[in-house]
Amino acid sequence: MSTPLWITATPPDSDGELHIGHLAGPYVAADVLSRHLRADGQSVLFTTGTADHADSVEIRALRGGRKPEEVAEGFRTAITADWLRSGVEFDHIVQPRRDRGYRRWLQDLLSDLYAQDVIAPRTRLLPYCEGCDRWLYGAHVTGFCPHCGTRGDGGLCHTCARPNDGELVDPVCSLCGSPGRPRRCRRLYLPLEPLREQLADYWSSAGLPPRLAVLCESLIEDGLPDVAVGHPGDWGVPIPVDGFSGHRIDACFEAAAMHLFGYGYDKKPLPERAIHFCGFGHSFCHVVLLPAILVARGVKLPQEIHVNETYRIDVEGAQGPDGKPMVWALDLLTEFGSDTLRRHVLQARPLGRRTDFRRDELDRTRQILDGTWNSWLNRLFAAVREECAGRVPDAEPGGDGWEALQRRLHRAAEDVREAYGPEAFDPRRAVAVLDEVVSCTTDFGYVNVFERRRPSGTGRHLRPIMAQLAVASALTSWAWPVMPEGAARLAQALRLTPGGPVVPEALVPPAPGTRLAPPSGPVFGF
């Protein structure tokens, strides 16, 4: 490829820390794909940002008597630290209030679209809180979605993913609880109906997941909406258009445009392929606004979207030992480690339906790693220490059932590779196959342990050890996308480099005579 494959994940609002639902949504899954493709030798650019200008940031600041920039900066720092602790490695995280040139770039983009008549002024009704003397938009207002009836904020409905500009039923001010009174408000909008043909062509060729396809077809059938790209307010990037002094660029429009800045859209050609990871509640920005911005500028970018549903965290069973809710990423990473948490959220990832976080299920994930993965590796390292003085023996991999196990492992490598790849991405399947690899190898080790007792003392017990070392070596590559921390520890113990391609050829033990360096604690998790 002449340009890297571009992977994005939804920028989170900088109004709070990351919780396990965020990790179960776009971030760990996108990192798995990124790691696999890099290990396979492909050029990848993995980007996101933080939505520092989200309306929810200003609401949190107002409720706490703080400045919005203090809230945004504090939580942006916490969010990026949690990504790092969880092993999610981005190439570029857009920091709207820090990245040089970002503000001017965003304003220039909006100005260009306005000059091309892609963005135009409209006067519409918008709720207003007389007590707070404030326009009610986005997180400033709550009410019932006019499309699905769910209670939520203004702007975009996180249940049906459709915009509800000024249309919430029974709007209420988020700060004081007073009813919002409709007033005429002149704002800038991006009318989508003039882009109907281009968007319909894009959606029909994009291979959208069924729920996104339903959303897009429903938008076309009902008439594509005008999407507000600005509002009167104090927080955010000022709109640089005459007549709209005191207006700020809308957070949803900014989130869509932020991806283009993160890629370096104006400085290099767009990639031949882009893959977006997002929750369904944020999908409008990815599947509607971002393509609309691009097609309005005469660009058609092949894009794919991996969408997840909600991972509910406010359910019974989410509590820690003290009975308090145990959902924050930092707390869970501190207690369980990144391997356990990454593996768990991939298994529980809400695809096609909502799933619930339960503390006991996370405990079971740790038990699987301790009782199966780490237990097998501990026995293997002990056998090398006791039988070979801690060095890799000079023997060919073998043992009773090794040929059959090899064939199974080769098939497993192909299954894992397919599950990691963009065409059939399914990290849950990858975890299941990796568990089967370890389980089968564990059985093989137990069957062949009796070779040590042969009276003839022919050294046949060394061949099963080498076979298991070959599997352990393969796991430094095969498990790397899911559990990079443990794969790196295993590679260090075997004196190997982690993160190679997921191929059957990885089933090669370390060189004979290599002195192993097993960790003092668990290999995977802690």
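## Overall build

A residue counts as buried under 20% relative accessible area, as exposed over 50%, and as partly exposed in between, using a 1.4 Å probe and protein chains only. By that cut-off, 57% of the 526 residues of the protein are buried.

This is a predicted model: local features need pLDDT of at least 70, side-chain atom pairs count only at pLDDT 80 or more, and totals for chains, interfaces and linings use all residues. Residues are numbered from 1 along each chain as its sequence is written, and side-chain values use heavy atoms, with hydrogens and water left out.

The protein has 14 helices and 16 strands. Helices (H or I, at least four residues) and strands (E, at least two) are DSSP runs, numbered from the N terminus. The radius of gyration is 26 Å, close to the 24 Å that the globule rule gives for 526 residues, so the protein is as compact as a globular protein of that length. That radius is taken over C-alpha atoms, and the rule is 2.2 Å times the number of residues to the power 0.38. Along the principal axes, the C-alpha atoms fill a box of roughly 95 × 55 × 40 Å.

Contact means heavy atoms within 4.5 Å. Of the contacts with a separation of 6 or more, 78% join residues 24 or more positions apart.

## Two helix pairs

Two packed helices are described by the angle between their axes and the distance between the axes. Here, axes are lines fitted to C-alpha atoms, for helices over the stretch in contact, and angles run from 0 to 180 degrees between N-to-C directions. Angles under 35 degrees count as roughly parallel, over 145 as roughly antiparallel, 65 to 115 as roughly perpendicular, and the rest as oblique. A crossing is left-handed if the near helix is turned anticlockwise from the far one by less than a right angle, and right-handed if clockwise. For residue classes, Ala, Val, Leu, Ile, Met, Phe, Trp, Tyr, Cys and Pro are nonpolar; Asp, Glu, Lys and Arg are charged; the others, Gly among them, are polar.

Take α13 (residues 462-478) and α14 (residues 484-494). Their axes come within 8 Å and cross at roughly 135 degrees. The two are therefore oblique, and the crossing is left-handed. L469, A472, S473, L475 and T476 of α13 meet A487, L490, A491 and L494 of α14. The residues of this contact comprise 7 nonpolar, 2 polar and no charged.

The axes of α6 (residues 210-222) and α8 (residues 283-296) come within 11 Å, crossing at roughly 50 degrees. This pair is therefore oblique, with a right-handed crossing. From α6, L212, L215, C216 and L219 meet S283, F284, V287 and V288 of α8. The contact has 7 nonpolar, 1 polar and no charged residues.

## Two buried residues

H259 sits in helix α7 (residues 251-263). H259 is buried, at 4% relative accessible area. Beyond four places in sequence, H259 touches W6, T8, A9, P11 and H286.

T514 lies in the segment after α14. T514 is buried, at 19%. Leaving aside neighbours within four places, T514 contacts G390, R391, V392, L494 and R495.

## Positive phi

Most residues other than glycine have a negative phi. D170, in strand β8 (residues 169-173), has phi near 55 degrees. D170 is exposed, at 53%.

A389 has a positive phi of about 60 degrees. A389 lies in the loop between α10 (359-388) and α11 (402-420) and is exposed, at 54%.
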